[in-house]
Amino acid sequence: MKRFKALSFLFLLFFAVFSISAGCTNEQDAVSSKPANEAKTTNNKTETTSSHSTATSDEQASIPEKLKKPVKIASIMQMSIGTFSSQYIAGVKEQVQKFGGEVQIYNADNDLTKMASYVETAITQNVDAILLDHGRADALEGPVKKAVEKGIPVVAFDNDLNIPGVTVIDQDDYSLAWKTLKTLAEDLNGEGNIVTIWVGGFTPMERRHVIYDAFKKRYPNIKEIAKFGTASANTALDTQTQMEAILKKYPNKGDIDAVFATWDEFAKGATRAIEQAGRTEIKVYGIDLSDEDLQMIQKPNSPWVATTATDPAEVGRVQVRFAYQKIAGEKTPNIYSLEPHLVKRSDLPDKQVSMNELSQYIPGWGQSNVAISPWMKTLEAQVNKK
């Protein structure tokens, strides 16, 4: 009997030790591989960014099969004008580089036929994903459907595509326009004369105009006395020339109270014209933001007093992350709107700040935390070990 009790005790002791040991092993597995990141950005019209990597088998086990080798991305833009576009491109390249892939940038120079042909080219080249910047469904629907049928993921930015399987992201153009217009109305106390700078033919512009129409009904004592706008290879310069003509037509102080610019290139041109004419009593309210824009807004006595925007580099990064999730076979939303932020000169410090520093003064700026999967950190760590 005593021998039986002794054997039973030894068996229970062995079982307890084995259970503790197994628990420790599971705990170690659960907390393994928590890597870090960071990369650099570049900026050109047509350029390939590439990076290759090696990693341990443990790291590779948590990376989706299709991403264990570098992937090729085609980023196709309707046009690349101004610093907003350049910072958007920088965000795309930065995120692809962090993931160890390649990205080819195509600029269609505002030619939708050329943009559609670039999609066809990307399909022929068997890229792993296609990113679209602007463009319209009536020009792109055919080739995009062809890409989806071939199994190539597509993520569009500021586009009106509505195709199953295609994720379309935007800056929430309705909120962009309303936050800026509401600020303008409040500063004018609901009454005054304004100039509007707008151009049709672009999905985000059309959406912003919907809100502008509502704004005019909401604030009937704010009168539009002039409206113009041209998208060209020199939009800011063309806008400056057009705004100079408007200022000559309305030469007296009080003739114009404010300018509503639906694009930062418009705001830049209007601001320069107002400054050169010495009419800084006219205030400019814009949409979109870049480092160059910030310098103009923070300039002493600048007429540009407010703008609503999202971080263009973060837009590019989010678009890339959605594409990688699609490549990995993960489910992504059909539509996603990034939250825009109102940036007023009065909220900024006296010292000059950059877009990278803006989050210190504008809560939530550039911190979307969107389209992030657990394996992305592992993938970035693998690339960093190169």
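Helices here are DSSP runs of at least four residues and strands are runs of at least two, both numbered from the N terminus. On that basis, this predicted model holds 12 helices and 13 strands.

**The protein as a whole**
- Of the 386 residues in the protein, 51% are buried.
- Among contacts with a separation of 6 or more, 76% link residues 24 or more positions apart.

**Where α9 meets α10**
- Two packed helices are described by the angle and the distance between their axes.
- For α9 (residues 264-276) and α10 (residues 291-298), the axes come within 11 Å and cross at roughly 35°.
- The crossing of α9 past α10 is left-handed.
- On the α9 side, Asp264, Lys268, Thr271 and Arg272 take part, and they meet Glu292, Asp293 and Met296 of α10.
- Sorted by class, this contact has five charged residues, one polar and one nonpolar.

**Two loop residues with positive phi**
- Most residues other than glycine have a negative phi.
- Asn126 has a positive phi, near 55°, and sits in the loop between α4 (112-124) and β4 (129-133).
- Asn126 counts as partly exposed because its relative accessibility is 49%, and exposed means over 50%.
- Ala371 also has a positive phi, near 55°, and lies in the loop between β13 (341-344) and α12 (375-384).
- Ala371 counts as buried because its relative accessibility is 11%, and the cut-off for buried is under 20%.

Technical notes
Residues are numbered from 1 along each chain as its sequence is written. This is a predicted model: local features need pLDDT of at least 70, side-chain atom pairs count only at pLDDT 80 or more; totals for chains, interfaces and linings use all residues. Side-chain values use heavy atoms; hydrogens and water are left out. Buried means under 20% relative accessible area, exposed over 50%, partly exposed in between (1.4 Å probe, protein chains only). Contact means heavy atoms within 4.5 Å. Axes are lines fitted to C-alpha atoms, for helices over the stretch in contact, and angles run from 0 to 180 degrees between N-to-C directions. A crossing is left-handed if the near helix is turned anticlockwise from the far one by less than a right angle, and right-handed if clockwise. Ala, Val, Leu, Ile, Met, Phe, Trp, Tyr, Cys and Pro count as nonpolar, Asp, Glu, Lys and Arg as charged, and the others, Gly among them, as polar.
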